[in-house]
Amino acid sequence: MLKKNNKFAYLYILPSIFFVFTFLVYPILFNLASSFTKWKGLSFSTAKFVGLKNYNVLFQDPIFLNSIKNCIIFMALTIFFQLSIGLFLTVLLDMKLKGYKIFETIYFLPVVLSSVIIGYTFSQIFEPSFGTLNMFLGAVGLDSFKQIWIGDPKYALFTVLVANIYQWTGMSIIYYRAGMANISNDIYEACKIDGASFWQTFFRITVPLLKNIHLILILLGTIGTLKFFDLVYIMTKGGPAGSTEFPLTYLYRRFILESNSGLASAVAVVIIVIATLLSMIEIKSSKALES
Amino acid sequence: MKNKGRFNYYKILIELFLIIIAGIWIIPAVTAVETSLRVKGIQNYLLIFTTKIEDMLIFPRMALNSAVITSVSLFLILLTSILAAFAFSKLHFKGKTFFYIAILSCFAIPIISTLIPNSILVIALGIRNTYAPMILLLVTANLPLSIMIFRGNFDGIADSYLEAANIDGSTNLNTMMKIIIPMSKPAIVNVLVVMFIQVWNDFQIPLIFATKPNLYTLTLAPSFYGLTQNRLDLPPLYASIIVIAVPVIIFYIVMQDKIIKGMTLGGIKE
């Protein structure tokens, strides 16, 4: 019989607990404490207790508030496009037309590439003078549509969004493919017999039956956007004029460039709180899904 | 018969659409290659391999760093997460749910938010200019996902194996090593492959903790080549991008099935 309280089990989880508590939990607690101080760089001698001052500054800083706004807008848009384009492509690939495996290989490739590769490549695509997009617009006579893209506050977020969608849509495809494998073909046969059109089948049958997958992808997407840093850092560093500022780029800037450790800690705390809430929701949802 | 004709037309349209999408998907690659060949053509690639810092060839060094860091991290990740997943899946102990949720919740926490305290810790431990900080953080960052996937996998292995082995006098450790792990070989390979990609491609952790050029990993190569040369010198930057992308693409094509299975293992119960 398996023991009810196996003391040895603690040994099994000890290494994991060590890593997580040393490099994640201790930092969280540290951030909490240091967020209540005014502090420069890393030397403790400059630390001074100032209560909630950092949080005050934070929530009144238009750049920080803008970073939260960008995060939310970006989250909604990237999830919407990744899922819809991904599902649509999955359904098309499911028809198993010629070369469908090659298409899937191509669509999924960006997922395994580093953000560094994708970031620089899209910087070049949106580059104003000789970048792919503007050259293309010029070639088809749409010169008036040319923009500075990355350097323009109106369009910068859009460029990062496109790069992110490119990178992650493939992920949606493989998840939806796995989900669709669980949908019995009989349902689709019945639809055909009843004379349902492609779109009717798509929206009334396929989309609802993949509820589980939608949820998983949405949760992965929200957590992913909160952790979003690499692409922005490489493509725009949060500029121009804060139009692509994200919470993490804000944190990075406050600490690395301004040595404002107290404020950066406060940002970290806010992000961690939101992230923890989100992941608790995820764990609860996945447990609810299982039952 | 009329139906068949319409259906074929429909199929061709879709095929065409998929080809166009694939074409769009390849555009970034074409862009990178085209930019990398500007001005000096193939010379740009030679530059990547021959640049030196203080008499040391930098590119091979970066490749070595990536290789060492990745292999050590992967070894630690596998060891740690398999042990933990086994305990969470098959053993019973007080606080099991608490610890499990605590570890999993860490998945949502961005490593950059731990930047300050971990930097202090690293300096205090005296491991600042070594591989150690990067390895330790890469392991920590990827443990939650790894544990979650392995636990899901072990959950699928009937408890009766464990019980039967126990009756036969085997310790839990023995059972884990001689029965559970061999049964999970495919899953272990799939996770290994996914973790490899996560660790190899990581940019944030080397960005913060690779303090000197001799510690840089391959993910820092483009930034390096974009900076040391004249800032406007794009071709070497993109040459370095192609150079670091090619091995990953080859790895992907060879391991595609395993990568895909590994990534969906964590999310879906068949």
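This is a predicted model: local features need pLDDT of at least 70, side-chain atom pairs count only at pLDDT 80 or more; totals for chains, interfaces and linings use all residues.
View 1. Although B:V39 is a residue other than glycine, its phi is positive, near 65°. B:V39 has 11 other C-beta atoms within 10 Å and is therefore exposed, since a residue with 12 or fewer is placed in that class.

**View 2. A:K96 in the loop between helix 3 (62-94) and helix 4 (100-108) of chain A.** This residue, A:K96, is not a glycine, yet has a positive phi of about 55°. A:K96 counts as exposed because it has 9 C-beta neighbours inside 10 Å.

**View 3. Helix 6 of chain B against helix 9 (residues 185-200) of chain B.** The two axes come within 11 Å and cross at roughly 155°, so helix 6 of chain B and helix 9 of chain B are roughly antiparallel to each other. Their crossing is right-handed. Helix 6 of chain B contributes B:L138, B:N142, B:S146, B:I149, B:F150 and B:N153 to the contact, while helix 9 of chain B contributes B:A187, B:V191, B:M195, B:Q198 and B:V199. Of the residues in this contact, 7 are nonpolar, 4 are polar and none is charged.

**View 4. The side of chain B that touches chain A.** Here 72 residues of chain B are in contact with 72 residues of chain A. Among the elements that give two or more residues to this side of chain B are helix 1 (2-36), helix 6 (132-155) and helix 12 (234-265) of chain B. By class, the side of chain B that touches chain A comprises 50 nonpolar, 18 polar and 4 charged residues.

Technical notes. Residues are numbered from 1 along each chain as its sequence is written. Chains are lettered from A and ligands numbered from 1 in the order in which they are written. Two residues are in contact if their C-beta atoms, placed from the backbone, lie within 7 Å. Helices (H or I, at least four residues) and strands (E, at least two) are DSSP runs, numbered from the N terminus. Ala, Val, Leu, Ile, Met, Phe, Trp, Tyr, Cys and Pro count as nonpolar, Asp, Glu, Lys and Arg as charged, and the others, Gly among them, as polar. Axes are lines fitted to C-alpha atoms, for helices over the stretch in contact, and angles run from 0 to 180 degrees between N-to-C directions. Angles under 35 degrees count as roughly parallel, over 145 as roughly antiparallel, 65 to 115 as roughly perpendicular and the rest as oblique. A crossing is left-handed if the near helix is turned anticlockwise from the far one by less than a right angle, and right-handed if clockwise. A residue is buried if 20 or more other C-beta atoms lie within 10 Å of its own, exposed if 12 or fewer, and partly exposed in between; C-beta atoms are placed from the backbone.
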